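This briefing is meant for a reader who is meeting the structure for the first time. Please look at the sequence and the model below before going on to the points that follow.

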Amino acid sequence: MITTLPQAPDSIVLEPGQSLRTCVDAGSWLQVAEGRVRVVSPPGWFGGTVFMSETVLDEGDVHRMALGGWIEVSALTPVHLRVHAPKGAPVSACSEARPVMRFVRLLTGW
């Protein structure tokens, strides 16, 4: 089951097999308070090709999002994840990326 939220909550709790798609700003960081999680980065372009990278985070890990946009978080075990937004972000990447994200979803089937 995948849940989609337009803005990341401060705290995310997921059971194994659950996934969340949400938008984060560049410079946000994810902190795994409990469990193990797979994070798929926002879509990016490389040589005219759309790509997304995957990162597996364990309890206690912290991951900084270099790019803003839509991410997918999937629980591999019961997970409690904290999302820390950057201070003083001038414009949300999420509001700018929506038309582009619709196009990327059409291209990738994501």
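This is a predicted model: local features need pLDDT of at least 70, side-chain atom pairs count only at pLDDT 80 or more; totals for chains, interfaces and linings use all residues.

In what order do the four strands of the open sheet stand? The order is β2-β11-β4-β9, and the pairing in this sheet is antiparallel.

**The open sheet**

- The edges of the sheet are taken by β2 (11-14) and β9 (62-64), each of which has a single partner strand, so one side of each is left without a neighbour in the sheet.
- Averaged over the sheet and with direction ignored, neighbouring strands are turned by 20 degrees against each other.
- Strand β4 (residues 29-34) pairs with strand β11 (residues 79-84) over five bridges, and the sense of this pairing is antiparallel.
- Within that pairing, L30 has V83 of β11 as its bridge partner, while Q31 stands opposite R82 of β11.
- β4 also pairs with β9 in the antiparallel sense, here over three bridges, and W29 has R64 as its bridge partner in β9.

- Although G60 and V32 are 28 residues apart along the chain, their C-alpha atoms are separated by 5.4 Å.

**The salt bridge between D58 and R36**

- Four salt bridges are found when the whole structure is searched, and one of them joins D58 to R36, with the closest N and O atoms 3.3 Å apart.
- This pair links distant parts of the chain, since D58 belongs to strand β8 (residues 54-58) and R36 to strand β5 (residues 36-40), 22 residues apart.
- D58 has a relative accessible area of 32% and is partly exposed, and R36, at 37%, is partly exposed as well.

- R38 forms a salt bridge with E54, in which the closest N and O atoms are 3.4 Å apart; because R38 lies in strand β5 and E54 in strand β8, the pair ties together parts that are 16 residues apart in sequence.
- R38 also forms a salt bridge with E72, and here the closest N and O atoms are 3.8 Å apart; R38 is in strand β5 and E72 in strand β10 (residues 69-75), so this pair ties together parts that are 34 residues apart in sequence.
- Salt bridges that share partners join R21, R38, E54 and E72 into one network.
- Is E72 buried or exposed? With a relative accessibility of 8%, E72 counts as buried, because the buried class covers values under 20%.
- R38 has 22% relative accessibility and counts as partly exposed, whereas E54, with a relative accessible area of 56%, is exposed.

Conventions. Residues are numbered from 1 along each chain as its sequence is written. Side-chain values use heavy atoms; hydrogens and water are left out. A salt bridge is a side-chain nitrogen of Lys or Arg within 4 Å of a carboxyl oxygen of Asp or Glu. Helices (H or I, at least four residues) and strands (E, at least two) are DSSP runs, numbered from the N terminus. Buried means under 20% relative accessible area, exposed over 50%, partly exposed in between (1.4 Å probe, protein chains only). Two strands pair if DSSP finds at least two bridges between them. Axes are lines fitted to C-alpha atoms, for helices over the stretch in contact, and angles run from 0 to 180 degrees between N-to-C directions.
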